[in-house]
Amino acid sequence: MTTLSIIKADTGGFVGHSAVHPDMEHAAREWLADAVNTGLLSDGQVASCGDDLALIMVHGHGADAEAVHSFAWELFQHTTSIAQRLGLYGAGQDLLSDAFSGNLRGMGPGYAELEFTERPSEPMICFLADKTEPGAWNLPLYRMFADPFNTAGLVIDKNMHPGFLFEVYDLHEEKRIVFDCPSELYDMLMYIGAPARYVVHRIHSKTLAATAAATSTQRLSLIAGKYVGKDDPVMIVRCQSGLPAVGEVLEPFAFPYTVAGCMRGSHHAPLMPVGLDQAHPTRFDGPPRVVALGFQVTDGKLVGPRDLFADPSFDRARQQANVTMDYLRRHGPFEPHRLPLEDLEYTTMRQLEDDLTDRWQPIHEAPAPAER
Ligand code: F6R
Ligand code: MG
Ligand code: MG
C-alpha cells in the first residue's frame with residue numbers, strides 16, 4: 001500500500017495571518033528533498049494556502065506513522081525558528097504541545113492521510129483551505145459523492161451506482177458513525193448539515209472497496225480549550241474510473257458556499273476557490289480560500305501539481321464570493337455574519353462576557369435604571 005499524507009501547520013504568518021514567508025517554504029522544500037534522499041519518503045512537495053504550510057508526501061509507512069509525523073513535527077519546529085528570526089506573526093502558532101509522542105494526534109498540526117493501492121493511473125486532488133474549519137468539506141463531499149445533480153457518474157457509471165460509505169465524526173463527543181449512501185442520505189444530512197460539530201472524515205467506494213477521500217478533522221480550539229486560530233483543513237480526493245471525475249470533484253466549488261472562519265475565526269463568509277497566486281486572504285482576514293492541486297501519483301512520485309482553480313471557469317464563483325462578502329460584511333457585528341454564541345465559546349469574547357456576569361439581574365426584581 002502507498003500512503004499520501006498532507007500534514008500542515010501555521011508556524012508563522014507573513015504579514016499578519018495572510019501568507020507563509022518564502023524562506024519557510026524554501027527550508028521545507030530542502031527538508032523534503034533530504035527525506036526523499038534518505039528513503040523516508042518516495043516523494044514530497046511543499047505548498048501553502050494563506051498562512052498555512054502544507055507538506056504533501058508519498059510514502060510506504062501507512063497513516064499515523066511515527067517516522068513521518070515526527071519528521072513533519074521537527075520540520076515545523078524549524079520553520080517556527082525561521083518565523084521567530086524574521087519576527088513573523090504567530091510564530092509556532094499551531095504547535096500546541098512541547099513534546100512529540102508517537103504521532104501528531106492532538107498536537108496542533110492538521111493532517112489528512114489516504115492509503116491506497118496505486119491504479120495504472122492515479123489522479124488525486126489535494127485541497128488546502130485557509131481561514132475556515134474542517135466541516136467546510138462536508139458540503140462539497142456530499143455533492144461529489146452523493147448528489148447526482150453534481151456528479152453525472154452517480155447516474156451514468158455502473159461502478160458508482162452502488163454508492164459510497166461516509167465515515168462521519170462527532171467532534172464534541174469523539175464518536176464516529178458510518179452512513180451507507182444513497183440509502184441513508186437523509187440520516188446523514190441531519191448531522192453533516194451542522195459542520196461545526198459533525199465532520200466527514202473518510203469516504204469509501206463500495207464497488208472498488210477502497211478509500212476515495214480523506215480529510216483533516218482536528219479542531220484546534222477543542223484541543224487547546226481556547227481560540228488559537230482556525231484549523232484551516234486539508235483534504236485528499238481520488239478521481240476517475242469508478243470515482244468522481246476531476247471535473248465532478250471540482251464542480252461543488254463553483255458555488256462559493258458559506259463557511260465559518262474569516263476574521264478572528266468568528267464569522268460566516270463565502271469560500272473562494274483560487275489559484276495559488278491568489279491564496280492570500282487579506283480583506284477582513286478573508287474571504288476564506290481553497291486551492292486544489294492535482295497530481296498523478298505514479299510509482300510513488302507526485303507528477304504535478306496542476307493548479308486546478310487557476311481557471312476562468314471559476315471567475316464567476318470568485319465574483320459571487322466578493323458580492324457575498326460585501327453583503328455579509330454590512331451586518332458588522334450582527335449574526336449571521338458573526339457566528340452564533342455557542343460557536344464563539346473558545347474566542348476571546350468569552351472572557352469579556354465573564355467580566356459582565358455580575359451585572360446581569362433578574363428582569364422582574366430589578367429596579368428601574370434611574371433608581372439604581
Ligand atoms: C484567523 C485568524 C485571525 C486572527 C486576527 C486577530 O484564523 O487567526 O483572523 O484571529 O487577525 O489576531 P490577534 O488577536 O492575534 O491580533
Ligand atoms: Mg495564523
Ligand atoms: Mg491559516
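Which pocket does ligand 1 take the space of? In this predicted model, ligand 1 takes up the space of the second largest pocket.

## Ground rules

Residues count from 1 along each chain as its sequence is written, while chains are lettered from A and ligands numbered from 1 in the order in which they are written. As the model is predicted, local features need pLDDT of at least 70, side-chain atom pairs count only at pLDDT 80 or more, and totals for chains, interfaces and linings use all residues; side-chain values use heavy atoms, leaving out hydrogens and water.

## Around ligand 1

A pocket here is an open set of points on a 1 Å grid over the protein atoms alone, where a 1.4 Å probe fits, with protein on both sides within 12 Å along at least five of seven lines. A molecule sits in one if more than half of its atoms lie within 2 Å of its grid points.

The shell around ligand 1 splits into 4 nonpolar, 2 polar and 4 charged residues. Among its members are His17, Lys131, Gly229 and Met263 (a residue is near if one of its heavy atoms lies within 4 Å). Asp, Glu, Lys and Arg count as charged; Ala, Val, Leu, Ile, Met, Phe, Trp, Tyr, Cys and Pro as nonpolar; the others, Gly among them, as polar.

Now for some polar contacts (pairs of N or O atoms within 3.5 Å). Arginine 264 uses a backbone N or O atom instead, 2.8 Å from a ligand 1 oxygen. The protein covers 72% of the 410 Å² of accessible area that ligand 1 has on its own (Shrake-Rupley method, 1.4 Å probe).

Donors are N, O and S atoms within 2.8 Å of the metal (3.2 Å for Na, K and Ca), and water is not among the atoms, so sites may look incomplete. Aspartate 10 counts as buried because its relative accessibility is 2%, and histidine 17 is partly exposed because its value is 23%. Buried means under 20%, exposed over 50%, partly exposed in between (1.4 Å probe, protein chains only).

The magnesium ion of ligand 3 is held by Asp51, Asp52, Asp130 and Asp232 at 2.0 to 2.1 Å. Aspartate 51 bridges the two ions, which lie 4.6 Å apart. Both aspartate 51 and aspartate 52 are buried.

Technical notes:
A polar contact is a pair of N or O atoms within 3.5 Å; within protein, one must be able to donate a hydrogen and the other to accept it, and residues adjacent in sequence count only if both atoms are side-chain atoms. On a 1 Å grid over the protein atoms alone, a cavity is a set of points where a 1.4 Å probe fits but cannot get out, and a pocket is an open set with protein on both sides within 12 Å along at least five of seven lines; lining residues have an atom within 4 Å of a point.
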